Amino acid sequence: MKKKILYPVIFAVVIVLGYLNYFREEPIIKEVEEIVETTDVAYETSGYFIEAQKQFDNLKSNDTTFEKASAKYQDMVLSGDNVLLDAARNLFLKNNIVGKSGEEWEFFSDKLDYDQLKDAVTSDAGVKAVNKLENVIIKGKNFKTNSKFDFIDLAENVEIINGDTELFGDIGRYTAEDKIITLSNNGKYKTKDKDGKEISGTFKNGRFDSNKKLLELFNSFTINYGGITLTGTKMWYNDLNKGFLIPNNPVILAGGYKILSKEIKNPDGDNIVDIVGEITGTNGDTSFRADKGYYNTAEKKLYVTGNIIVTSKAGERVEAEKMVYDTNTKNADFTGKNNKVIYTFNDRKAETSKFVYNSDSKTVHLDEGYVYEDNLYKSRGKKLDYNSETGDGVIYFGNLVTKEKNEKAKGDKITFNSKKKDYTAEGNAEVNNGEYLFKSSKVDYFNSKGFAYLPEPFTITNLKDKSIIKGNEGEYNITTGDFISPGKVSYKKGTESLTGDDFKYNLKTETGKIERNVVYVNKADNIRFTSDTGSFKKDKFIKAEKNLKITTAKEEIYAEKGTYNLETGLVDIPGKIDFNSKDQKTKGIIYDGVFNVNEDVLTGKNLDAVTDKKEKISSLKASYFTKKDLLKLTGNVKISDNNSVLTSEDIDYNTKTREAVINSPFKLIYNKTFTVTGTKGIVYMATEKLKGENIKIVSDKKEEFSANKADGNMKEMRFDFIGDAKGKMYDKDKETGRVIPVTYTGNFARVYFKNENGSYKAIRIEGRENSTVIRDGQKFYSDYIETDLSRNIVYAGKNNKVILNDENGKTVITGEILSGNTNTNIMEGRGDVVIVNTGKDGKVTTLKGQESILDSNNNTVEMIKEVTAENDELILNADRAVYNKITNKVKAFGKVLVNYKVNNGK
């Protein structure tokens, strides 16, 4: 009973004290007597259960204030540093206010009012309300709810947080029954996707179902989602799976493009945002359309497909089946139907399997094979990067053709500028300017500078004749056509090649100069042409200017200089010329010559040559056919060796066979004492044989032979004289020492000479066909006769006739075979021998037999077998008979028959 009475008294004191401490005016201090202060208060009043450290009761106003107090009203508990309970039983709280409503809500503020009559909790200083069960945080400057938190009305700086979702706005309302939060005016939205990345935006009106975690935005909104911006009039967002739907023709802002479609959706909240219906887009300069598409938030890429057409204000157009637009790089990656993307821009047209276009940088990338053409260029290759504003481009594994100059560049990589018309080809690089093909690992072709550079080993091919220039580096003047290449350079055309160091060449005039080590080779002609330095004109000439050397299959030719006319195949060589065969068998000097490359002929003046056979060859003019080892010599020709000296005005001499064909009158002196002359002929210096016409041979013994033709061997000293053969030689009587002339005439004679102490003497004659030998009054007629002066033998074997004249008369002998010894003066006959002797007295005696022996020393004739002797007196037949020319008597032997003639005249 006392406790119940005490509580009203204490409450009154608390009210008074609270009033004095909380609501008293300052700095005027109220009269102490009006305030009652109570400490450590706990009591119930007007439906409240209040606990406080201090209570102040204002006795005059009947208001109560508290410090560090809490008040519980039904399921709501309010606490704060300063609490006022007015006479109407309304609570006014300030500073560090903490409130609870049931088991769900907890809220915080620095100023909060509770109207018990209206059951209204309000604040204009900002409230934070937390529902841990629903995982909802609600904030707002102007806050209104009831003690059960059936609803929450908010205004100004409204913020609602539910998990990753944060909503902001000017006006908001929460209803506990359906767990729905609505926001309007200046709404803002923020949440996270499945990867934890932020999604944010603004809206005019929003509605969030915290139970279903479903956000609905309407009227208008803008959402930043995965690197793109979504705008529209209505949107549903599921915060559980992060999926959304935007109907009613929303707008996507991605990579500078404004994209329109029927709706946008991402039902699963993954990285794929589906764009439904026909898609159109533009960035103000470039526009596109497609049948459908989607946006990948992880890749920051827009994928569209179906009948894609892209156009720009400048006139560019792309036709494709699929496009991937990278919002970071601003690259649009196209692929076409049947691997064909078509790009056009004014005069430009490109077809490719894959096309990448960047509208910001105005760059295009063609990949997986392309064909490109405009008014200035054509190109085909694997890949192409091109900037239409700067004109810079790169081609990979392709070519570039300039239409104006018909220049074509090819390589693994071609860097070019279409405005400057410059290009650099690298990796299997080729540049074709219509006349020449440049090849290297790198070719710089700069039309803007007027030069092409070949910094690496190169080849230049003439497209017309397929000639090739090779070198280690080079510089080409596009305007003048001058080409310079230091170091080793080679030129090749068919079987021809030209090499040297420090090469200068004009591709237009086709003239050039080589500073060092000139080497020209023609394999077809088997010629090598070298010099220290030289100049040339393609297909016209090569000029050796120092230390010329010409090498053929068999010869080497040396001179100070020379000019090779490639059209005529002639090398003009002034001055002294040294030459030798490769086997060193022929060496010589000639002057002011011409070498015919086609024929391998060296022609010149004042030849002086030697051979390995110790031959010396000279002439005023000479043509040396090196392939044939042939010297055509004219003018004071002289060929000599150890044995012979041959002179003429025209000789063809083979240095290999050592055959001299003499085309004009000649003279051959053999071993200094034996002379052969003729009008023409052949002399074999190796075998010492000769053939000739109108030949005359004279020895130092004044012996001589001549004929229309002759064929002889000087080594064997045997000669055949043919046609009108004539000879004169000398025999010597061994007893008296008398020199006896011997002459020969006939159609053919074979004569043998013998070297006697350095002199040559005819020792044997073999005559045929009407041969006549005359010796000391003896005449021998025969179609075959042998006269051996060394053995003093005469032999006649066909159609023979011998006439002997001496002081005793004349003797004529015929027979099948006649042979005699000029030393013994005995002549024998065989086979139908007939001897007619006419004595000094004119008497004629005729002897016949099968064999005969004429002894001129004894003036007897012996006849053997079937002998017949006849004179003007008798006819004698015997087996054997001996006739004395002086006595004119016959001795018969064997069976003898004599028939005397009867002289009817006596």
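# Close-up views of a predicted model

**View 1. Lys493 and Asp465 form a salt bridge, the closest N and O atoms being 3.9 Å apart.** The pair links distant parts of the chain, 28 residues apart: Lys493 belongs to strand 40 (residues 482–493), while Asp465 sits in the loop between strand 37 (458–462) and strand 38 (468–471). A salt bridge here is a side-chain nitrogen of Lys or Arg within 4 Å of a carboxyl oxygen of Asp or Glu. Helices (H or I, at least four residues) and strands (E, at least two) are DSSP runs, numbered from the N terminus. Asp465 is partly exposed, with a relative accessible area of 22%; buried means under 20%, exposed over 50%, and partly exposed in between (1.4 Å probe, protein chains only). Both residues also belong to a network of salt bridges that links Asp465, Lys493, Glu510, Lys538 and Asp539.

A note for all the views: this is a predicted model, in which local features need pLDDT of at least 70 and side-chain atom pairs count only at pLDDT 80 or more, while totals for chains, interfaces and linings use all residues. Residues are numbered from 1 along each chain as its sequence is written, and side-chain values use heavy atoms, with hydrogens and water left out.

**View 2. Two further salt bridges are shown here, one of them between Lys439 and Glu430.** The structure holds 50 salt bridges. In this pair the N to O distance is 3.7 Å. Lys439 is partly exposed at 33% relative accessible area, whereas Glu430 counts as buried at 18%. The other pair is Lys901 and Glu870, whose side chains meet at 3.1 Å, N to O. Lys901 lies in the segment after strand 74 (897–900) and Glu870 in strand 71 (residues 860–870), so this pair links distant parts of the chain, 31 residues apart. Lys901 is partly exposed, at 35% relative accessibility, and Glu870 is also partly exposed, at 32%.

**View 3. Strand 16 (residues 228–238) pairs with strand 15 (residues 214–225) in the antiparallel sense over 10 bridges.** Two strands pair if DSSP finds at least two bridges between them. Look for Phe218, which stands opposite Lys234 in strand 16. The hairpin of these strands has two residues between them, and Gly226 takes a positive phi near 55 degrees there. Strand 16 also pairs in the antiparallel sense with strand 17 (residues 243–246), over three bridges, and Asn238 stands opposite Gly243. Four residues lie between the strands of that hairpin, where Lys242 takes a positive phi near 65 degrees. Strand 18 (residues 251–254) is another antiparallel partner of strand 16, with three bridges; there, Ile252 is the bridge partner of Leu230.

**View 4. The largest cavity has a volume of about 110 Å³.** Rolling a probe the size of a water molecule over the atoms shows where empty space is left. On a 1 Å grid over the protein atoms alone, a cavity is a set of points where a 1.4 Å probe fits but cannot get out, and a pocket is an open set with protein on both sides within 12 Å along at least five of seven lines; lining residues have an atom within 4 Å of a point. Grid points are joined across faces, edges and corners, and a volume is the space filled by probe spheres set on the points. The structure holds five cavities of 30 Å³ or more. Residues lining the largest one include Tyr491, Leu498, Phe536, Lys538 and Asp539. Strand 41 gives the largest share of this lining, three residues. By class, the lining has eight nonpolar, no polar and four charged residues; Ala, Val, Leu, Ile, Met, Phe, Trp, Tyr, Cys and Pro count as nonpolar, Asp, Glu, Lys and Arg as charged, and the others, Gly among them, as polar.

**View 5. The largest pocket has a volume of about 460 Å³.** Of its 23 lining residues, Asp776, Gln778, Asn825, Ser856 and Asn857 are the closest to its centre. Strand 66 (residues 800–806) gives the most to the lining, with three residues. The lining has two nonpolar, 11 polar and 10 charged residues. Gln778, Asn825 and Ser856 are also among the residues lining the second largest cavity, which holds about 80 Å³ of space.
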